[in-house]
Amino acid sequence: MGLVKTVFLTEILKGLSLTLRKLFAKPVTIQYPEEKKPLAPGFRGRHALVRDPATGKDRCVGCYRCAQVCPAQCIYIEAERDPETKARIVKKYDIDALRCIFCGYCEEVCPVNAIVLTEFYEYSGYRREDLYFDREKLLKNWDEFIVTQKRPYFNPFWRPRGVPERKLPAAKRRAEGI
Amino acid sequence: MAQTLEIIQKQKDSEQWDEPYLVNMGPQHPATHGVLRLFLELDGETIVRCDPRIGYLHRGVEKLSEHRTYSQAMVLTDRLDYIASAANNVGYCLAVEKLMGLEVPRRAQIIRVIVCEMARIASHLLWLATHALDIGAMTVFLYCFRDREWLLDIFEEICGARLTVSYPRIGGVRLDFNQKIIDELYRFTEEFPHRIPEYETLIDVNRIWLKRTKGVGVISGEEAVNLGLTGPSLRGSGVRYDLRRARPYLIYDELDFEVAVEFEGDVYSRYRVRMKEMREANKIIRQCLDKLAECEGEPVIAEDAPDLVIPYGKIKRPEPALHPKRGYLVKGVEVPIVPEGEVYFAIEAPKGELGYYIVSDGTGHPWRVRIRAPSFVHISALPALSEGQMVADIIAVIGSVDIVLGECDR
């Protein structure tokens, strides 16, 4: 290090000039509660069961695929066959959000796009039960979420880009925005 | 270093020798980058013995993997080195694919390289931020987090999560990039090389930084190899060893990049290596984006890739055998879901060689998973790096080997 550099602290001044320049630059911080960052489509947030606009009910067919694939095993389903029509009736569809790790496997394997992780993340509860979503709560989550969205809403994981058509179930191939 | 130890030895032999002063550093110490506990035996301000104690973040990832299917175990790898989770996922998927003999489509391979290098930049940025903060440079911390935020936003756009991405799949990736992501990545690669000189202006020639890093924690190349150091910590000692070049995986053999090497082997040269690596990673992303345009519209998941819902045990398939009386198919034979065997696959993760050793017994879940985590090996090198140094230097040494305790304790 030269004598001039040592005495005049040139490298420190250089650094300070950079910070001085940044002082007048546009701030990158976001004042969070007042100002919110737009979320990317397909953000893995709070769970919801999609309310089908045609029937007004959820789309779940009780195939157990989401419960089977869930790495945290936080989805509890009970389904039984209707003795007359032989159709499968979903008795119970519960998600324990406190156990969930938000990997998004459930929405990926769902053949009818019934379960979705919505782009909503500001939720909390005072008790554990508040974050144990049963079927009604999951549908309510969807209703609360969809009113905030631009319609038609389409989640990118309903028909994943770049996955060949043949590898997708029929409902996913035909998936449209709601 | 050797001289200092000699002096201490002389003092030990003399009659006035007292018991060494024991300092317990951690597990809750802001500069240990997690929950690392160090027993430091001090003589004055010199470290005589350094004894790392680990295990405070042990979650049993390896054991948990044995009771999950191959696809379910992938989300556990997110939580190893949570700063570069995409690289962990890619390493795991590559190991399972090697076991299954799967060929990944080219587009998926390019995308995997992109996310790996994004993870590398994000990891090095966080490393630089915290390392500089430990040593006392606050401004760099803020600038690095600003740019890391940009990368995390791109990750959010790609797969819907910022940190625990779970983006690759066995046989490909979850979904393709869209035009918005590609544009954003082009913008990032344009802008990022101008951001690196900003950090360098602040600390590269800063005399405080130089005094804290130069000649601290010196390790020779030979010693580093013997201790099993990999990644930037090894290349800082002048050993040109990079798995991306030594054992190329994905499409790294087609790419034009240099292996960053520095020769001093101290904290400063490890810092220089990581700064160079960020530039190279940026270059790789740029090349991959150009390659991505060549295979537009191709699938991102292999034809014979397994479904995400993998059966836990073996599955039975009917065998064309005739029943002696009834004359139709009766027997079911067990067929393996994943071929029996064992496999080791290592990738160049941001912190070093990240290897997965998987043993399969033919069922849908691994029989044994062993993870060769670079942080674990690097922590074992801490005594060699820090003994004979000043007690204040241990902070710089811990920072320079870049450890994440989530990966070390698993």
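## Arg51(A)

Arg51(A) counts as buried, because it has 20 C-beta neighbours inside 10 Å. A residue is buried if 20 or more other C-beta atoms lie within 10 Å of its own, exposed if 12 or fewer, and partly exposed in between; C-beta atoms are placed from the backbone. This is a predicted model: local features need pLDDT of at least 70, side-chain atom pairs count only at pLDDT 80 or more, and totals for chains, interfaces and linings use all residues. Residues are numbered from 1 along each chain as its sequence is written, while chains are lettered from A and ligands numbered from 1 in the order in which they are written.

Arg51(A) sits in the loop between β1 (47–49) and α3 of chain A. Helices (H or I, at least four residues) and strands (E, at least two) are DSSP runs, numbered from the N terminus. Not counting residues up to four places away in sequence, Arg51(A) touches Gly56(A), Asp58(A), Leu139(A), Trp142(A) and Asp143(A). Contact requires C-beta atoms, placed from the backbone, within 7 Å. Lys140(A) is 89 residues from Arg51(A) in sequence, yet 9.0 Å away in space, C-alpha to C-alpha.

## Chain A overall

Chain A has six helices and five strands. Along the sequence they run α-α-β-α-β-β-α-β-β-α-α. The radius of gyration is 24 Å, well over the 16 Å that the globule rule gives for 178 residues, so chain A is more spread out than a compact globule. That radius is taken over C-alpha atoms, and the rule is 2.2 Å times the number of residues to the power 0.38.

The C-alpha trace of chain A spans about 95 × 45 × 30 Å along its principal axes. Of the 178 residues, 29% are buried. Among contacts in chain A between residues at least 6 apart in sequence, 69% join residues at least 24 apart.

## The A–B interface

Chain A brings 30 residues into contact with 25 residues of chain B. On the chain A side, α2 (10–23), α3 (65–69) and α4 (105–109) each supply at least two residues. α2(A) gives the most, with six.

By class, this side of chain A has 17 nonpolar, six polar and seven charged residues. Ala, Val, Leu, Ile, Met, Phe, Trp, Tyr, Cys and Pro count as nonpolar, Asp, Glu, Lys and Arg as charged, and the others, Gly among them, as polar.

## Helix pairs in chain B

α5 (residues 106–135) and α6 (residues 138–159) of chain B pack at about 160 degrees, with axes 8 Å apart. α5(B) is therefore roughly antiparallel to α6(B). Angles under 35 degrees count as roughly parallel, over 145 as roughly antiparallel, 65 to 115 as roughly perpendicular and the rest as oblique. Their contact has 18 nonpolar, no polar and two charged residues.

α12 (residues 267–294) and α15 (residues 393–400) of chain B pack at about 30 degrees, with axes 10 Å apart. These two are therefore roughly parallel. Val267(B), Arg270(B) and Tyr271(B) of α12(B) meet Ala396(B), Val397(B) and Ser400(B) of α15(B). Axes are lines fitted to C-alpha atoms, for helices over the stretch in contact, and angles run from 0 to 180 degrees between N-to-C directions.

## Thr32(B)

Thr32(B) lies in the loop between β1 (21–25) and β2 (37–43) of chain B. Thr32(B) is buried, with 22 other C-beta atoms within 10 Å. Leaving aside neighbours within four places in sequence, Thr32(B) is in contact with Met25(B), Gly26(B) and Ile398(B).

Notes
Two residues are in contact if their C-beta atoms, placed from the backbone, lie within 7 Å.
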